[in-house]
Amino acid sequence: MTDRSAAPNKVPWPPIIYLAAIAVAILLEVFLPLPWITEPLSDILFAAGGLAVVAVIAIEISAMRALKRGNTTIRPDRASDHLVTDGAFALTRNPIYFGNTLMMIGIGLIAGSIWFIALALIAAFATQKLAIEREEKHLQTRFGKKYIDYTKRVRRWI
């Protein structure tokens with residue numbers, strides 16, 4: 001069992017942040033809808049949103065499989081037992097958070113909601129400040145040079 005005192009966060013911020021962002025985007029869309037782009041560009045954005053959602057599914061599955069193979073936790077409020085650098089982690093150091101952000105953008109494009117897109121960016125910023133920066137310190141402390149070398153090869157987001 002992983003030592004919780006070594007965890008980067010006591011609170012699992014990312015799921016809370018993204019669920020809150022989705023809830024706020026829905027409320028804003030219902031009570032304060034903003035105009036959306038008209039056809040034919042709206043049709044192209046709809047298709048792009050669908051492709052983004054499909055890409056998210058692939059990214060998330062790859063990341064979860066890599067974490068399982070690496071025998072480490074998916075939970076952001078638990079300490080990492082092993083450094084995972086394969087699968088989606090070979091493309092971005094935060095594939096699940098990237099996927100969450102891209103999912104919100106994709107939904108925004110499909111639904112024609114500027115609120116989803118704007119709140120996706122706000123959620124990404126909040127996730128970086130409340131989770132990613134702390135997780136990076138945790139990983140550097142835990143894995144040292146191996147993690148530093150990984151950060152030189154792979155970008156934080158994309």
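**Note on salt bridges and one buried histidine**

1. Aspartate 77 counts as buried, at 3% relative accessibility. Here buried means under 20% relative accessible area, exposed means over 50%, and partly exposed lies in between (1.4 Å probe, protein chains only). The side chain of aspartate 77 meets that of arginine 75 in a salt bridge, at 2.8 Å from N to O. Arginine 75 counts as partly exposed, with 38% relative accessibility.

2. On the source: this is a predicted model, in which local features need pLDDT of at least 70 and side-chain atom pairs count only at pLDDT 80 or more, while totals for chains, interfaces and linings use all residues. Residues are numbered from 1 along each chain as its sequence is written, and side-chain values use heavy atoms, with hydrogens and water left out.

3. How many salt bridges does the structure hold? There are 7 salt bridges, the term meaning a side-chain nitrogen of Lys or Arg within 4 Å of a carboxyl oxygen of Asp or Glu. Side chains of opposite charge can pair when their charged atoms come close.

4. One of these pairs is arginine 69 with aspartate 86, whose closest N and O atoms are 3.0 Å apart. Helices (H or I, at least four residues) are DSSP runs, numbered from the N terminus. Arginine 69 is exposed, with a relative accessible area of 54%, whereas aspartate 86 is partly exposed at 33%.

5. Glutamate 136 and arginine 93 also meet through their side chains in a salt bridge, at 2.8 Å from N to O. Glutamate 136 lies in helix H4 and arginine 93 in the loop between H2 and H3, so the pair ties together parts that are 43 residues apart in sequence. Salt bridges with shared partners join Arg93, Glu136 and Arg156 into one network.

6. Histidine 138 is found in helix H4, which spans residues 114-143. Histidine 138 is buried, its relative accessible area being 9%. Which residues does histidine 138 contact, leaving aside its neighbours within four places in sequence? They are Ala6, Pro8, Ala79 and Ser80, where contact means heavy atoms within 4.5 Å.

Conventions
Helices (H or I, at least four residues) and strands (E, at least two) are DSSP runs, numbered from the N terminus.
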